[in-house]
Amino acid sequence: MRYAAHEILVAPARPSAGLGRLGAGICLTVALFFLLSIVWSGLLPAIFGAEGWARIVPGVETATTPTGVLINLATFGLLIVALALSLRAVHRRGLMSVVGPLPRATRQFGRALLAVAALHAIIALVPLPEAMALERNLAAATWAMLLPLGIVGLFCQVFAEEVAFRGYLQTQLAARFTSPVIWMSLPALGFGLLHFDSATYGANGWLVMVWATGFGLAAADLTARFGTLGPATALHFVNNFSAILVAAPKGRFDGLALYVFPFSLGEEGAVLAVLPTDLLMLLCSWLAIRLALRG
């Protein structure tokens, strides 16, 4: 009964476990997110002023400036709002029902965060090959000043993705189907497809999708194994903290990074070169969380 704790999250989904309800919930969430995004886009020029917004827009499109990254991260808050409204309207359940008991989730998040952060800190001591040597992107003082905002925005982003894929899709499917092959794999594949972007990544798009699908499976297992979104959110947060706030690929979502790698994710061979290491790191992070929470 390795996934017995999953019942904590699945039980609230059972009264509305029909696939029709799930389809309606997805459609309503997407529609609400789209509408809220339009409103958000309309407010930004008023917030920054027409001239200021015109200067900011290029950095928002590529997330290559601090403001651009923060605006992109803040947009994920709209997904949380949209999902909360959809859950209430379609499934008659609240947002916390997809998170799990808050004290338990918070405790698991903290222990998992420490375990994965320690692992990343140890790996950071290993020298990188010369071809992957990091380049300074932001001054240390500037980075430190922006870090609190970056952390808040980053948590908003990872929490939105976790409540959507592991909290909502996974639990609604688990309430309808008993096989983990279905309720783990389908959300993980959806998560992978969400990260497929041939316009940005070129021929590397499918490799990024493979990694994201693997991440989705690891997060799905942690959620089902421990009964809250705490462990998966911690895994997601540390991974994205490293990839967005510490060292990012050059030219895309690097506006808040202290360092950048000397390549972009669109360069052929770049992702293929680092994918085995990233997958191994994901595996080690997954194991570290399981060890940290097994007691």
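I take buried to mean under 20% relative accessible area, exposed over 50%, and partly exposed in between, with a 1.4 Å probe and protein chains only. I note that this is a predicted model, in which local features need pLDDT of at least 70 and side-chain atom pairs count only at pLDDT 80 or more, while totals for chains, interfaces and linings use all residues. Residues are numbered from 1 along each chain as its sequence is written, and side-chain values use heavy atoms, with hydrogens and water left out.

**Entry 1: positive phi**

I looked up A63, which is buried at a relative accessible area of 1% and sits in the loop between α3 and α4; helices (H or I, at least four residues) and strands (E, at least two) are DSSP runs, numbered from the N terminus. The phi of A63 is near 55°, a positive value in a residue other than glycine. I then turned to F253, in the loop between β2 (247-249) and β3 (259-261), where phi is also positive, about 55°, although F253 is not a glycine. F253 counts as partly exposed because its relative accessibility is 22%.

**Entry 2: α3 against α4**

I looked up how helix α3 (residues 50-62) meets helix α4 (residues 66-91), and their axes come within 8 Å and cross at roughly 75°. The axes are lines fitted to C-alpha atoms, for helices over the stretch in contact, and the angles run from 0 to 180 degrees between N-to-C directions. Angles under 35 degrees count as roughly parallel, over 145 as roughly antiparallel, 65 to 115 as roughly perpendicular and the rest as oblique, so α3 and α4 are roughly perpendicular to each other. On the α3 side the contact (heavy atoms within 4.5 Å) is made by W53, I56, G59 and V60, and on the α4 side by T67, G68, I71 and N72.

**Entry 3: H236**

I found H236 in helix α10 (residues 230-246), and at 3% relative accessibility H236 counts as buried. The side chain of H236 makes a polar contact with the side chain of E162 at 2.7 Å; such a contact is a pair of N or O atoms within 3.5 Å, and within protein one must be able to donate a hydrogen and the other to accept it, while residues adjacent in sequence count only if both atoms are side-chain atoms. Leaving aside residues up to four places away in sequence, H236 touches Q157, V158, E161, E162, R166, F191 and F215.

**Entry 4: cysteines**

I counted a disulfide as a pair of cysteine sulfur atoms within 2.5 Å, and by this rule the count comes to 0. C27 counts as exposed at 55% relative accessibility, whereas C156, at 18%, counts as buried.
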